[in-house]
Amino acid sequence: MAELAAMRARGDVDQSEFEAARDKLRDRYGVADQASPDRPRVAASNKADGGKAQKLIAWIITGLIAYALLKACSTSDHRQAVDDVAVKKPDNGLQCFSAWDGSSRELVRMVTERLRDPDSFKHVETKTSEPKNGRRTVLMEYRAKNGFGGYNVGYATGEMNISTCAITDFSLVGQ
């Protein structure tokens, strides 16, 4: 129907051809009656003054709510609570692991330094023990290219100091 109206507006069809095609479309597809290009659409009731006033009131209320929220969030009690949360660090060693894939950043660095092709490193999984005496045992599974260009699965293990995230007793297993 829209294409037909566009053709009428361009002058590709005259009024009688337009009406005949429109009637065929209505009969065949059940297209609802729409305003034709030569028949002006009837505008909805004019609420220009009422609509402007309602918009102004809505903007004023939105501004007041935003102001109240900003004022409530800027109190010193709230700022102190945010600062307390930001300063406190976990003491279980989980801060040493990547939130993205769970890998130990230090262990990944140590493994990639020892690979023939460091760019081929792909982390698979990292497992860790519960903290004991300020340390965690970390086991990481990874894939990397071998000397022939194929990928091998390897494992790296080490002891992690949970306060400094430093890895000690590092070893590569199963390369």
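Two strands are paired here if DSSP finds at least two bridges between them, strands (E, at least two residues) and helices (H or I, at least four) being DSSP runs numbered from the N terminus. In this predicted model, local features need pLDDT of at least 70 and side-chain atom pairs count only at pLDDT 80 or more, while totals for chains, interfaces and linings use all residues. Residues are numbered from 1 along each chain as its sequence is written, and side-chain values use heavy atoms, with hydrogens and water left out.

**Sheet**

- Four strands form an open sheet in the order E1-E2-E3-E4, with antiparallel pairing.
- E1 and E4 stand at the edges with a single partner strand each, so one side of each has no neighbour in the sheet.
- E2 and E3 pair in the antiparallel sense over eleven bridges, and Lys145 has Tyr151 in E3 as its bridge partner.

**Helix H5**

- The buried residues of H5 (residues 105-113) are Leu107, Val108, Met110, Val111 and Thr112, where buried means under 20% relative accessible area, exposed over 50% and partly exposed in between (1.4 Å probe, protein chains only).
- These buried residues pack against E2 (135-145), E3 (151-161) and E4 (167-173).
- Leaving aside neighbours within four places in sequence, Phe170 is in contact (heavy atoms within 4.5 Å) with Leu107, Met110, Val111, Arg114, Ala156, Thr157 and Gly158.

**Thr126**

- Thr126 lies in strand E1 (residues 122-128) and counts as buried because its relative accessibility is 18%.
- Leaving aside neighbours within four places in sequence, the residues in contact with Thr126 are Phe97, Gly102, Ser103, Ser104, Val138, Leu139 and Met140.
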